[in-house]
Amino acid sequence: MDTAYRIDDLAHLSGATVRTIRAYQDRGLLPRPERRGRSNIYTDTHLARLRQIADLLDRGYTLASIKELLEAHDSGRGLGGILGLVAEVDGPWTDEEAVRISRTELEERFGGAPDDASVADAVELGVLEPVPGDEDSFLVPSPQELTVAVELHAAGVPLSAISGHLRELRGQVEHIAARFLEFTTEHVFARYLDGPRRPTDAEAAEAASLVRRLRPLAQHTVDAELARAMRLLAVRQLRQHLGTEAPAQSPPASRSVAVPEETMRAVEGLVGAERAAEFFVLAAEREVRARALDALTSNEVPPVDLDEGG
């Protein structure tokens, strides 16, 4: 039998305020309480629903979206599969475990170098996270990332340069992640996400399983390609510094050439506006080659007497 709660007790157990509970009732997110005499009585069902709402809010859902999900659940269309998919996507994408580090330990690892500005940079970048109620401690979400910073600093790289490099690198990596997600969404997940209805529990569970299987692929691909690129570029750079390879020449400077409007329209009509510039370049190259061939063939070559000496 469900435990009976008054609204104050429900608020205390759920972490929501009385005002919030009443607002959820008004919006249809929470069932109405049972009336017993002059009191409104809530049950474990209300408590579970409040915790469910709080969890979805933490995951970034709006109240309107939560209402849709809960209505689907209440009408028998299922919510477990959707929440399982959300949990899979929101779950850790790395095996690393966060560690706690004191400011003293941090300074020791950097040889006494970290100052307030460097620490602020690290917090802004998420390399360090402040611990509520403890100004002298930080949480390190990625110990490996902190270790890289320590090694770079020990090799002579200033902390400001490390922060700047991480900002640049993060933007490039986020671009790679976005492209991988676009690729997998288009070719794998579109059948689950596109359409007039939400996926069923079975479909959502299948999508969650795919997330688990595909999750490591992006990292494996990036690791392999980074290793290939680092080897290629490191060898090339070393050869240049040792003088065993000529440095790459700078490309010739480009020039702007005015083209009559009628000509431009005609070219765009043939190849499209986005390829017009390429057309002019190729046409110019073809003309140069043709003139070079004409110049070669115009030179007089002395005739050969095949009967000479016969």
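A: Val222 counts as partly exposed, because its relative accessibility is 36%. (Buried means under 20% relative accessible area, exposed means over 50%, and partly exposed is in between, with a 1.4 Å probe and protein chains only.) Val222 lies in helix H10, which spans residues 201-242. (Helices are DSSP runs of H or I with at least four residues, strands are runs of E with at least two, and both are numbered from the N terminus.)

This is a predicted model, so local features need pLDDT of at least 70 and side-chain atom pairs count only at pLDDT 80 or more, while totals for chains, interfaces and linings use all residues. Residues are numbered from 1 along each chain as its sequence is written, and side-chain values use heavy atoms, with hydrogens and water left out.

With Ile176, Leu226 and Met230, Val222 forms a nonpolar patch on the surface. Together the four have about 360 Å² of accessible area. H10 gives the most to this patch, with 3 residues. (Patches take residues with over 30% relative accessible area and no salt bridge; like charges are joined within 9 Å, nonpolar side chains, meaning Val, Leu, Ile, Met, Phe, Trp and Tyr, within 5 Å. Areas come from the Shrake-Rupley method with a 1.4 Å probe; for residues, only the protein chains shown count as cover.)

Glu225 and Arg228 form a salt bridge, with 3.2 Å between the closest N and O atoms. (A salt bridge needs a side-chain nitrogen of Lys or Arg within 4 Å of a carboxyl oxygen of Asp or Glu.) The two residues both lie in H10, 3 residues apart, about one turn of the helix. Glu225 is partly exposed at 43%. Arg228 is partly exposed as well, at 48%.

Why can such pairs form? Side chains of opposite charge can pair when their charged atoms come close.

The whole structure has 8 salt bridges. Arg100 pairs with Asp134, at 3.0 Å between the closest N and O atoms. Arg100 lies in strand E3 (residues 99-102) and Asp134 in strand E5 (residues 134-140), so this pair ties together parts that are 34 residues apart in sequence. Arg100 is exposed at 51%, while Asp134 is partly exposed at 25%.

Another bridge joins Glu124 and Arg167, at 3.1 Å from N to O. Glu124 sits in helix H7 (residues 116-125) and Arg167 in helix H9, so parts that are 43 residues apart in sequence are tied together. Glu124 is exposed at 59%; Arg167 is partly exposed at 34%. Asp121 is linked with these two in a network of salt bridges.

Asp121 also meets Ser163. Beyond its neighbours within four places in sequence, Ser163 is in contact with Asp121 and Leu125. (Contact means heavy atoms within 4.5 Å.) Ser163 belongs to H9, residues 159-193. Ser163 counts as buried because its relative accessible area is 11%.

Now go inside. The largest nonpolar core has 17 residues, and Leu10 and Ile21 touch the most other members. (A nonpolar core is a set of buried Ala, Val, Leu, Ile, Met, Phe, Trp, Tyr and Cys residues joined through side-chain atoms within 4.5 Å.) Helix H1 (7-14), helix H2 (18-26), H3 and helix H4 (63-74) each give two or more residues to this core. H3 gives the most, with 4 residues.

Look at H1. Ile7, Leu10, Ala11 and Ser14 are buried there. They cover an arc of only 100° around the axis, so they are on the same side of H1. (The arc is that of the directions from the helix axis to the C-beta atoms.) These buried residues pack against H2 and H3. The face turned away carries the exposed residues Asp8 and His12.

Leu10 touches His46, among others. His46 is in H3 and is buried, at 6% relative accessibility. Arg49 is also found in H3, residues 44-58. At 10%, Arg49 counts as buried.

Step back to the whole chain. It has 12 helices and 5 strands. Buried residues make up 23% of its 310 residues.
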